[in-house]
Amino acid sequence: MILETLVLEADEQSLSLAAALLREGKLVAFPTETVYGLGADATSVPAVLSIFRAKGRPADNPLIVHIYDRAQLDGLCTVPDEALPLMDAFWPGPLTILFEKLPAVPDEVTAGLPTVAVRMPSHPVAAAMLRACGLPIAAPSANSSGRPSPTLASHVFEDMKGKIPLVLDGGPCNVGLESTVVDLCHGKPTILRPGGITKEMLESVLGQEVALAGSILRPLKPDEKALSPGMRYRHYAPNATVTLVDGKEDAVLQKLKELFAAETALGKKTCVLCFSEHVGALEGCSPHDIGSMEHADDVARKLFSVLRQLDEEGMESVFSEVIPPEGVGLAVMNRLGRAAAFRILHAGEVNIHRPSRWLFICGHRPRILACALAGANTICQPRRLLLATRKRVIAGLSQHC
Ligand code: TXA
Ligand code: MG
């Protein structure tokens with residue numbers, strides 16, 4: 001059924017319309033501080049199923065439940081003591097925590113998992129909507145499955161027009177990438193998806209080391225179980241083929257120019273994603289500014305918007321700079337890596353420090369990963385890359401072990 005989709009600025013009237021629609025089991029897209037969400041009553045199976053239909057989302061990818069008040073947790077899940085300091089420090093805010101679920105949460109929300117992911121958004125519109133409807137709201141990002149998450153109401157409209165009755169417009173999202181998902185249910189606290197609340201921030205509150213799920217900076221292996229089902233799916237990907245270029249600053253700029261020229265000569269619509277500081281140096285290469293290299297949070301805020309723009313412009317080949325995977329940079333590199341299907345090219349001479357850290361974080365079997373990276377690379381000479389990468393990995397291991 002095709003619906004008329006209203007896009008309304010969030011105010012008292014549109015918020016009460018949103019609350020009424022949610023109580024009727026309808027879908028409403030709403031802004032959060034991370035990205036726009038596509039909300040429905042988490043306690044209604046038909047409402048939850050309509051989220052999966054509107055997004056084209058696989059049924060085995062569970063949803064996050066959004067609340068505005070801790071009292072709402074009572075019927076939803078059990079809360080372990082270790083979660084309390086995290087809730088005190090980061091709620092409301094961009095942190096999602098996994099809890100053991102109670103029977104009131106339908107299996108359709110959790111894709112049959114025994115845990116439910118919960119978050120309390122800090123965006124005033126999200127908080128007001130949750131309060132007005134009084135329901136726990138299941139909400140994935142409000143994009144069609146596989147597309148970059150929406151950070152503007154217009155992005156939601158592109159993907160959801162005709163499918164949902166209402167988009168609440170609250171302007172651009174401030175964080176720009178989805179929430180950090182942390183698992184406290186399976187032993188050592190583990191980040192399943194990095195976001196605005198960083199590993200270091202979690203560690204400083206928990207007073208212990210927080211692990212990173214293996215597939216944050218590399219593809220899942222064929223036989224590997226995804227700790228978070230969302231990791232199994234192609235994500236954040238524009239239509240263009242995206243390749244990341246790593247290395248020393250000058251070598252990266254030179255490589256980007258060469259790659260742009262080579263792809264353009266093949267007749268492909270090509271551009272580069274670069275830091276604000278490099279827009280001038282890459283003037284002839286259709287530079288797309290992804291934010292300052294000094295501020296990962298700036299890059300986080302802009303990234304999805306730029307990825308969507310690539311589709312609007314009909315780009316076929318895209319080459320991007322990378323940022324060190326530290327702090328919010330880890331979340332940026334997780335999303336960029338996935339947009340690029342983890343295709344990474346190393347420019348110029350070997351930079352022992354940065355790439356080795358990349359690879360070290362990437363997994364427990366870095367040599368195999370190094371081979372995989374070399375194999376995935378169709379543009380530079382695989383043998384040279386393989387030898388150079390091995391050298392870096394060994395250097396990296398001896399530095400870190
Ligand atoms: O910032 C956000 O988290 C946004 C806004 C709208 O709140 N929501 C969002 O939802 O990004 P979604 O559905 O696009 O991503 C949720 C991620 C998926 O990767 C999913 O697999 C994972 O969280 N997830 C949800 N429940 C889980 C569970 N019980 N166990 C493991 N992973 C879970
Ligand atoms: Mg999503």
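Let's start with how α9 and α10 cross: the crossing is left-handed, meaning that the near helix is turned anticlockwise from the far one by less than a right angle, whereas clockwise would be right-handed. The model is predicted, so local features need pLDDT of at least 70 and side-chain atom pairs count only at pLDDT 80 or more, while totals for chains, interfaces and linings use all residues. Residues are numbered from 1 along each chain as its sequence is written, and chains are lettered from A and ligands numbered from 1 in the order in which they are written.

Back to our pair. Helix α9 covers residues 296-312 and helix α10 residues 328-339; helices here are DSSP runs of H or I with at least four residues, numbered from the N terminus. Their axes come within 8 Å and cross at roughly 20°, with axes fitted to C-alpha atoms over the stretch in contact and angles running from 0 to 180 degrees between N-to-C directions. α9 and α10 are therefore roughly parallel, the word for angles under 35 degrees.

Which residues of α9 make the contact? They are Ala 296, Asp 297, Val 299, Ala 300, Leu 303 and Leu 307. From α10 come Val 328, Gly 329, Ala 331, Val 332, Arg 335, Leu 336 and Ala 339. Contact means C-beta atoms, placed from the backbone, within 7 Å.

Now the other pair, friends. Helix α3 (residues 83-90) and helix α7 (residues 199-206) pack at about 120°, axes 9 Å apart. α3 passes α7 in a right-handed crossing. Pro 85, Leu 86 and Ala 89 of α3 meet Leu 202, Val 205 and Leu 206 of α7.

Terms used: Helices (H or I, at least four residues) and strands (E, at least two) are DSSP runs, numbered from the N terminus. Two residues are in contact if their C-beta atoms, placed from the backbone, lie within 7 Å. Angles under 35 degrees count as roughly parallel, over 145 as roughly antiparallel, 65 to 115 as roughly perpendicular and the rest as oblique.
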